[in-house]
Amino acid sequence: MTTQRPGTAPGQIFVAPYSMGTVVGQTGSLIADNSGDPVWFRPLSSTNLQNTDLRVQTYYNSRMGTAQPVLTWWQGSIAIPPTYTNLPAGAPEPGGCYYIYDTHYRLLKTVFAYHGFSPDEHEFLLTRRGTALFIASKAEPMDLSGYGGPRNGAILDSEVQEVDLATGKLVFSWDMLQHVNPADSEVSASDTASSGGVWDPYHMNSIDEGTGGQLLISARNMWAVYDFTKSTGKIRWQLGGKKSDFTFGRNADFYWQHDARFRPGNQISMFDDGCCNQPNGTPEQQSHGLILNLDFHNRNATAVKTYYHEPPLYSPSQGSTQALSNGDEFIGWGQKPYYSEYAGAGNSENKGLSSLLYDAKMPGSNISYRAFRNEWVGDPYYPPNAAARASGGHSIVYASWNGSTRTTAWQVLAGPDPGSLSVVVGHAGRAGFETAVPTNDRGPYFQVRALDATGKTLGTSTVVKLDNRDGRTVCRRH
């Protein structure tokens with residue numbers, strides 16, 4: 001944590017750590033508090049697997065007429081050279097899916113794509129209709145010679161798909177190749193030599209739904225954001241790119257952008273990467289969060305607020321800009337290992353410390369596709385964990401409960417056998433993910449209870465035994 005100031009919005013931080021190099025620790029899904037201490041972590045079995053877009057959403061069950069907070073994320077493998085060179089860098093490998101988990105960390109739904117497309121890591125959005133909107137990708141064989149690529153090549157097509165969560169049926173789809181000319185891409189088709197002959201002219205990376213049934217999509221490799229109506233599929237306007245319907249005011253232009261969102265009025269937000277046509281591109285400008293006002297009468301876009309980092313960052317890919325409940329903005333810096341919170345006033349280039357309330361840096365080369373601050377109450381379906389060891393003639397009992405957000409204290413029980421335990425420490429305040437509680441009682445059997453703010457027991461661990469045979473400590477579960 002490099003900056004922690006008063007005034008941040010409520011909630012925990014949601015990231016999905018992975019690396020395009022060497023991972024520090026494990027890939028997976030992580031909820032952390034402001035100090036960086038884990039609240040919940042779900043590790044993956046291989047560093048070749050990734051989670052992305054971990055966040056809190058509301059699941060509307062259309063059949064039951066209910067709504068509940070849930071965790072959602074994508075899981076699969078991303079084409080990251082040199083491990084994968086069969087697709088353009090950043091594309092999803094086949095076999096991925098989306099998960100929806102309840103507040104007890106139980107799986108509710110698994111969602112897949114249709115039409116032979118692969119679920120894409122860039123977006124999974126739940127709607128009030130009980131559906132999920134997401135991006136799906138597929139390499140379509142195509143003669144690319146007319147675009148400067150190979151004759152026996154392929155184009156990485158992007159499709160918006162909507163699935164009814166109650167039935168699992170596809171209810172809507174919109175194919176980008178049918179509506180946007182790939183010749184307008186900022187990425188040359190000659191770049192296919194390192195991606196198995198597959199060209200990625202679009203690289204769709206976000207979807208947002210407006211109040212009037214329109215969808216807002218971002219296409220990174222087009223430098224453009226598109227608004228289209230679901231009922232007709234027709235593009236209403238394009239912002240940015242080679243055929244923009246808008247001109248740009250000072251500081252309003254963007255490049256290689258991500259995470260385009262509707263804002264109140266005629267405003268939209270995004271994360272402007274400003275950088276770089278990989279692998280050898282130079283930055284167009286410094287990465288930053290960006291809020292734009294769209295003047296539809298004069299067809300002009302103006303910058304309302306910007307959010308820059310100190311030190312300056314040039315993020316080649318990924319990133320997010322999230323509106324928070326108190327008016328702040330939470331920025332995930334994509335391929336740079338930072339996430340930050342700014343007061344709503346924002347700042348300007350080379351003044352990245354202005355309005356900064358919170359800033360954190362992930363270890364090593366670890367990154368997160370997006371980063372969010374969300375409010376989450378987790379009550380695990382599984383029990384707390386306990387461990388015990390001897391130390392200087394005393395005992396230390398370790399208590400943890402992965403994912404519990406309501407645990408504020410621990411109670412320790414001990415006894416000569418598993419059936420004869422009594423309370424030896426009545427209240428020990430929670431001290432991070434794992435709390436070490438010393439006691440003069442030598443057990444050798446121990447158990448912990450998780451307590452909420454009122455002293456109510458939330459969960460009880462299994463019984464563990466302290467064993468010092470041959471000078472070694474062994475924790476046995478009973």
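Modeller: This is a predicted model. Start with Tyr 105, which is buried, with a relative accessible area of 4%.

Biologist: What is the phi of Tyr 105?

Modeller: Its phi is positive, about 65°, although Tyr 105 is not a glycine.

Biologist: Why point that out?

Modeller: Because most residues other than glycine have a negative phi.

Biologist: Where is Tyr 105?

Modeller: Tyr 105 is in the loop between β8 and β9 (107–111).

Biologist: And Asp 259, which strand does that lie in?

Modeller: Asp 259 lies in β20, residues 258–263. Asp 259 is not a glycine either, and has a positive phi of about 60°.

Biologist: Is Asp 259 buried or exposed?

Modeller: Buried: its relative accessibility is 3%, and the cut-off for buried is under 20%.

Biologist: Where is Pro 82, and where is Cys 276?

Modeller: Pro 82 is in the loop between β7 (66–76) and β8 (97–101). Cys 276 is in the loop between β21 (267–272) and β22 (288–295).

Biologist: Now sheets. What is the strand order in the open sheet of 3 strands?

Modeller: The order is β30-β31-β34, with antiparallel pairing. The edge strands are β30 (385–391) and β34 (434–439), each pairing on one side only. From one strand to the next, the twist averages 20°.

Biologist: How many bridges join β31 to β34?

Modeller: There are 6, and β31 covers residues 394–400. Ser 400 stands opposite Glu 434 in β34.

Terms used. Residues numbered from 1 in each chain as written. Predicted model: local features only at pLDDT ≥ 70, side-chain atom pairs only at ≥ 80, totals over all residues. Heavy atoms only, no water. Pairing = 2+ DSSP bridges. Helix = DSSP H or I, 4+ residues; strand = E, 2+ residues; numbered from the N terminus. Axes fitted to C-alpha atoms, helices over the stretch in contact; angles between N-to-C directions. Buried < 20%, exposed > 50% of the residue type's maximum accessible area, 1.4 Å probe, protein only.
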